[in-house]
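I opened my notebook for a friendly walk through this model. Here is what I looked up, entry by entry.

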Amino acid sequence: MGSIPDPGELSELNPPSFDEFQRQTSLMTSCTLLWKELSDHFSSLEQNLLKKSEAIRNKILNLDHETKASLNELEKREVTIQGSVEIALEKLEASKEAAFSVLQRASDDDENGEVDNDDGFLLTLKSFCLKMDALGFWRFITGKKKELDMLRAQMPLALAECIDPPRFVLESISEVFPVDKRVEKSERVNDLGWACVLVLESLIPVVVDPVIGKSRLLVTPSVKERAKDIAEAWKASLEERGGIENVKTPDVHTFLQHLVTFGIVKEEDVGLYRKLVVGSAWRKQMPKLAVSLGLGDKMPDMIEELISRGQQLDAVHFTYEVGLVDKFPPVPLLKAFLKDAKKAAASILEDPSSPGRASQLAGRKEQSALRAVIKCIEEYKLEAEFPPENLKKRLEQLEKVKTEKRKPAAVPANKRTRANNGGPMPPAKAGRLTNAYVSSFPAAPTFVRSPSHGQYPAGVPQYHSPPPMYGSRSPPANPYAYSPEAAPPPLAGSYPVAPMNYPAYAGYGNGIPPAYQQAYYR
């Protein structure tokens, strides 16, 4: 009979394997890493949510602040409309009365005549503005370019007398902008861009709101629409002008000033404005116009483009306008500009076709560069970083060389003295006073033959003096009867006489045709 196992006795169990242990350990490690990864992920999500919530909260606060400021601005504008309208109406009424008084007054003054003082100049401008005579106003200012400073100072005062200054300005420049409608043009008066820019600049202080300033321009909607149409017409004419690259700088300046004056800058045209500004960057007003056109954020790229094109001096002006002096130091730019100018002058000197003119052009180019850099140094107070003394010395050297080249050449002694024969001296201004041809050789001396002197050989012709007068300005083909190659033999006699040799001057005596001096022959 089999034995029954004792319940208290431990039964023999299979021990766990080592592989099972490693599996369990690996599983625990994976769970731990997964938990850590999930924890980090949720912590990151929480942090991002907190940051986004904070950013949204700040945006909401900023929007609330901007909304409040905009509402306050709108309220201020709404409140000030009545005051601005009243001021404009009073001004309009005063201008109307002044215009009527001018029209009713019988005056014989010639408004297109010479104005010899500031008060008369201003009264003439005001007279055109009061009568809204845009054509007469335009004719007057285009004929006064020499009084540009006076025009710039007094034109805003005169435009303020107009009943509708913006419309008056558009009518006055309509002859040449957006398209030149003149039938007769001449090179001397063809460029009237300076007058357009002057009138448009002078209009800005007139149309600024007297209560809230530049944030509101007092331009009627109809005039503003007309200004927009003019701008679109100018852009449409770019193709006829040969594209942006071929359009003239005065036209570009007038167009950009037109946009700023009437407040009709378009955001979608910023690319066009950028190209136009860079193409005419040498104009003094371009940096300010660029900022007014909304190109402030594009200035670094524009400055780098100007530097790459060799326009370092223009880049300096743009740098100071937008406050990027730290990013684009001006002194290295000015030195690079002078270096490029010297290279260009040296390349001009290498031109073998016209060495005299090449020297003149090279000196002029270097002088222009030196003057521009010196002026820039003085304008922006850069004397401590870039002393201009050496530049001024170099400029003086170039000017001295230029002055010496202009001096007339020294007259040789044998041109005014008769060394060997004591012949008569021609008057210094004979060629200027008469049309007479005066020989640069002396007249034939009168010999008194004595018994001790023999005659000339028969084969040598006698010496003839030149004829006293010619009917034309051209010298005679053969002004002398003798050949310069055949000198007469010495006189025979009891004492030696020096042979009558004439000094070779200006090609005489060597077969070269004589060159007639300008001082004696004209």
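Before the first entry I noted my exposure terms: buried is under 20% relative accessible area, exposed is over 50%, and partly exposed is in between, with a 1.4 Å probe and protein chains only. I am working with a predicted model, in which local features need pLDDT of at least 70, side-chain atom pairs count only at pLDDT 80 or more, and totals for chains, interfaces and linings use all residues. Residues are numbered from 1 along each chain as its sequence is written, and side-chain values use heavy atoms, with hydrogens and water left out.

**Entry 1: salt bridges**

I started with Glu305 and Arg309. With 26% relative accessibility, Glu305 counts as partly exposed, and Arg309, at 46%, counts as partly exposed too. The two form a salt bridge, and their closest N and O atoms are 3.8 Å apart. For this I took a salt bridge to be a side-chain nitrogen of Lys or Arg within 4 Å of a carboxyl oxygen of Asp or Glu. I also found a network: Glu232, Lys235, Lys266 and Asp269 are joined by salt bridges that share partners.

How many salt bridges does a search of the whole structure find? I got 19.

Next I looked at Glu20, which bridges to Arg23 with the closest N and O atoms 2.4 Å apart. Both residues sit in helix α1, 3 residues apart, or about one turn of the helix. My helices are DSSP runs (H or I, at least four residues), as strands are (E, at least two), numbered from the N terminus. Glu20 has 34% relative accessibility and so counts as partly exposed; Arg23 is partly exposed at 46%.

Then I moved to helix α7, which covers residues 221-236 and holds Glu225 and Lys228, again 3 residues apart and about one turn of the helix. Their salt bridge has its closest N and O atoms 3.8 Å apart. I read a relative accessible area of 43% for Glu225, which makes this residue partly exposed. Lys228 is partly exposed as well, with 33%.

**Entry 2: the end of a helix and a cis proline**

I stayed with α7 and picked out Ala236, which is found in that helix. Is Ala236 buried or exposed? Its relative accessible area is 56%, so I wrote down exposed.

I then asked where Pro178 is relative to Ala236. Their C-alpha atoms are separated by 9.9 Å, although the two residues are 58 apart along the chain. Pro178 belongs to the loop between α5 (165-172) and α6 (193-207). The peptide bond leading from Phe177 into Pro178 is cis, with omega near 10 degrees.

I noted Met132, which is not a glycine and yet has a positive phi of about 55 degrees. Met132 is placed in the loop between α2 (118-130) and α3 (134-142). With a relative accessible area of 19%, Met132 is buried.

Lys381 went on the page as well, with a positive phi near 55 degrees in a residue other than glycine. I located Lys381 in the loop between α14 (355-379) and α15 (389-406). At 65% relative accessibility, Lys381 counts as exposed.

**Entry 3: helix packing**

Two packed helices are described by the angle between their axes and the distance between the axes. I used axes that are lines fitted to C-alpha atoms, for helices over the stretch in contact, with angles from 0 to 180 degrees between N-to-C directions. Angles under 35 degrees count as roughly parallel, over 145 as roughly antiparallel, 65 to 115 as roughly perpendicular and the rest as oblique.

I looked up α8 (residues 249-262) and α9 (residues 270-279), which pack at about 135 degrees with their axes 10 Å apart. That makes α8 oblique to α9. Their crossing is left-handed, meaning that the near helix is turned anticlockwise from the far one by less than a right angle (clockwise would be right-handed).

For α6 and α8, I found axes that come within 9 Å and cross at roughly 15 degrees. These two helices are therefore roughly parallel to each other. The crossing of α6 past α8 is left-handed.
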